[in-house]
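Open the structure in your viewer and keep the selection tool handy. We will go from one stop to the next.

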Amino acid sequence: MDIAHDAIAPDAAPATPAKPPLIRREDYRPYPWLVPQTELHFALGIEKTRIASKLTVERNPAADPSQELRLNGDGLTALSVKVDGEPVNDWAMDGSDLVVALPAAAHTVEIVTEIDPSANTQLMGLYASNGMLCTQCEAEGFRRITFFPDRPDVLSTFRVRMEGPKAAFPVLLCNGNKTSKGDLEGGRHFAEWHDPWPKPSYLFALVAGDLVANSAPFTTVSGRKVECNIWVRAEDIARTDHALESLHRSMKWDEETFEREYDLDLFNIVAVSDFNMGAMENKGLNVFNTKYVLADRDTATDADFDAVEGVIAHEYFHNWSGNRVTCRDWFQLSLKEGFTVLRDQLFSQDMRGEAVKRIEDVRILRAAQFPEDAGPLAHPIRPDSYREISNFYTATVYNKGAEVIRMMRSMAGPERFRRGTDLYFDRHDGEAATCEDFVKAIEDGGEIDLANFRKWYSTAGTPVVKIEQRGRPRDDQAELIFRQFLRKPDGSEEPSSFTIPLRIRPYDTFDGEWLAAEQLVVLENPTEVILIDDRTGALSVNRGFTAPVIIERKITDGQLAILARVDDDPFARYEALQELAVSHLVAAASGDHRADGETALIEAFRAILTDDALDDSMRGELLMLPAETYLFEAMAVGERKADPGAIHAAREGLKAAIGGALASEFYALYDRAQNVAHDDPQGRGARKVKTQVLVYAASTDPAKAAELAANQFDRADNMTDRQGALMVLCGIEGSARETALKAFYERFKGNDLVIDKWFTLQALSLHPDVIAQVEELAKHSDFTMKNPNRVRSLYMAFAGNPQGFHDASGAGYRMIADVILALDPVNPQTAARFVSPLGRWRRIEPGRAALMKAALERIAAAPDLSRDTSEQVSRSLDG
Ligand code: B3K
Ligand code: ZN
């Protein structure tokens, strides 16, 4: 029990602070004014930047008329306000909005503001990072720079003049094209930019700093030359080739796959080290977290290379899905994010292979989105209300949003889906659109009926599909019965009627043959029955993960083991193994250790280790056991709660059983993989399985694992091998761990991204003292709460470490609560992201649940919580 909290007597309890207002989707009204032109003059300085804005406004014929212009601000004071060139006094502040009376049909409004970028620790608006200035405006950061209708449906054409000291800011970048530049007196210089494409304020960006570029032109399909630059600090330039090549590949892919051509002569990407998320798609000037730009073999893993490619693609694809067609309001966020995630997933599938990428994406969905959808922060992909929009950049809006659009593609087929997206871009180019506009375009262009399908947009929760096979006497067909429902938080089940496309194929486990071709079954009703061959022993179902649902069915371990071995859909093979492992682990965690289940799993793993037809990239995926967060969901069904301690023990026990029974197969694989050269086409897969072998070895024979890992670490000529070895060493007590950690730190100190890994590997480790180790690391001279990457590298990793975070003492929960309280005043957006792991308390066994709830209550009782954190904490407690 937390002492400070306990000490407050009930009558002394502070009054609950008023909740920030609820914004509702149904309250949307068009803005009364159009803003065709925006001019901005920036006099730049790290501690003082002055912004003079000039907006041309005219009445919006499509909106209710208004005699006043309401401009959003956040922490701003207007130094002067002019209307039609004359200073005016009839303006007022209403909260943080500036309201000015405007009598006529068209005016110009000029406002001067002044801000201190160096004091902006929230990293929203204009802020300083490493001596440079940069911006982040999505969703509502522009209002921290100047007063403006800061909403995505107000599109304006921007002209910007930037001025500043040339020595500090030799490079001055903004959206669009540079129209002029020159030197000024006193060591100052300027640049002028014009973006011909009308855009909402959230896509505005500016960067000023001492940067160098890696540049290479791209020639578009129509023959236009686009100058592409990756801007970084001079010392990072050698690590930018992969980003530049990824950009070119993305540009080409979008032309070939969606017929989308780039529309400016310049595409700039800037890497900054202080950034709240991955990257931002500002028109013509993407701003990126360094983590998604910099990569070379010595400092980045294969997974890091993939992440750079994926995020570069994602932001580039936003140029059409997000910028050319933007969102009417923030409730429509999935319109651009779900669609763009789908586009980046399809791109990465084409670049790296469909099955492995699909497995990676489904793993993320299950580990992050399924728990979100089953907890207090659940919301539809198009939410109905919010208090702080930053809290809705979620796995649901992004990843489930992508799955929902993928389902439409599966039902229409890729060609008709393309006709739908063509129609969408044609219809809405230059507009701020809605999710409904998107569905309608797919419906019209793809010629499919999506009336019932729209439920996916308005309903939260992951549907469960129960499948039962029932033989029919004197018939060679069997009934396949599908029942779909949503599980409520109290464990009750409510029938549902989502449109659910499932690719299925029946297999005769007795004779070992497929009984029919693959077919797409589309469910629309709570119960549906189809007929299949009654020799079906095992149904291969939801192949390719055509629908983001949970499948529940009676199937024997033996049948699953067969599918895991023979399924002709590689994704379905993975699924069969996961299903086998989940059912075994949930039973084991509930006290029912089934020896036959373990044997089936061992045999399935033996087949994976020895199947020569598998490539190692796929083998590496198949060897990964389900994530513990996903096992919590599978365990917390009905009255039963998840027991993190029991799940962890069961999962570790299974790893040891598999590793022990198949030691010689694992080591043979290791020996083979060790001899594959780095640049061999099989090199990536080989690196992946090597680390997997070490993971299993660590559960079985820690001394041998430590020896192999130390050897791999010392000999590594790339970060993938080095990090894999260090990850395993971090979990094993002994001197090899300390030696390797020290060597790694000494070699890479000063390289922030690699030092982030050093923090993460320790915070994620299976070491029994991980809590104390994380406490020590927080005191390290390289640790700071000011840099989001560093905070996440230590604490997000720790919150994702089931053993440490869910320690039965509650120390892990208290640590994360302390982090939230310390970070909230500095960077509320990042602080609020730490709430959701604590919010899962309702699905966890009572002892831990009470400790998690107490941690949330302690946060809730703190004075002056940000809107971000207070919304997440109160939803987590009430929801
Ligand atoms: N659109 C941005 C996310 C902005 C998040 C603001 N809190 C990056 C992306 O999804 O591409
Ligand atoms: Zn995005």
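**A tour of the ligand site**

Start by selecting β20 (279–280), α3 (302–317) and α4 (333–352): each contributes at least two residues to the shell around ligand 1. Helices (H or I, at least four residues) and strands (E, at least two) are DSSP runs, numbered from the N terminus. Before going on, note that this is a predicted model, where local features need pLDDT of at least 70, side-chain atom pairs count only at pLDDT 80 or more, and totals for chains, interfaces and linings use all residues. Residues are numbered from 1 along each chain, ligands are numbered from 1 in the order in which they are written, and side-chain values use heavy atoms, without hydrogens and water.

Next, show the 13 residues around ligand 1 (a heavy atom within 4 Å). Glu138, Ala279, Glu281, Glu315 and Tyr398 come nearest.

Now look for polar contacts (pairs of N or O atoms within 3.5 Å). Oxygen atoms of ligand 1 lie 2.8 Å from a polar side-chain atom of Glu315, 2.9 Å from an N or O atom in the side chain of Glu337 and 3.1 Å from one in the side chain of His314. The protein buries 95% of the 340 Å² that ligand 1 exposes when taken alone (Shrake-Rupley method, 1.4 Å probe).

Finally, select the zinc ion (ligand 2). His314 (NE2), His318 (NE2) and Glu337 (OE) coordinate the zinc ion at 1.9 to 2.1 Å; donors are N, O and S atoms within 2.8 Å of the metal (3.2 Å for Na, K and Ca), and water is not among the atoms, so sites may look incomplete. Along the chain, the donors follow the spacing H-x3-H-x18-E.

How values were computed
A polar contact is a pair of N or O atoms within 3.5 Å; within protein, one must be able to donate a hydrogen and the other to accept it, and residues adjacent in sequence count only if both atoms are side-chain atoms.
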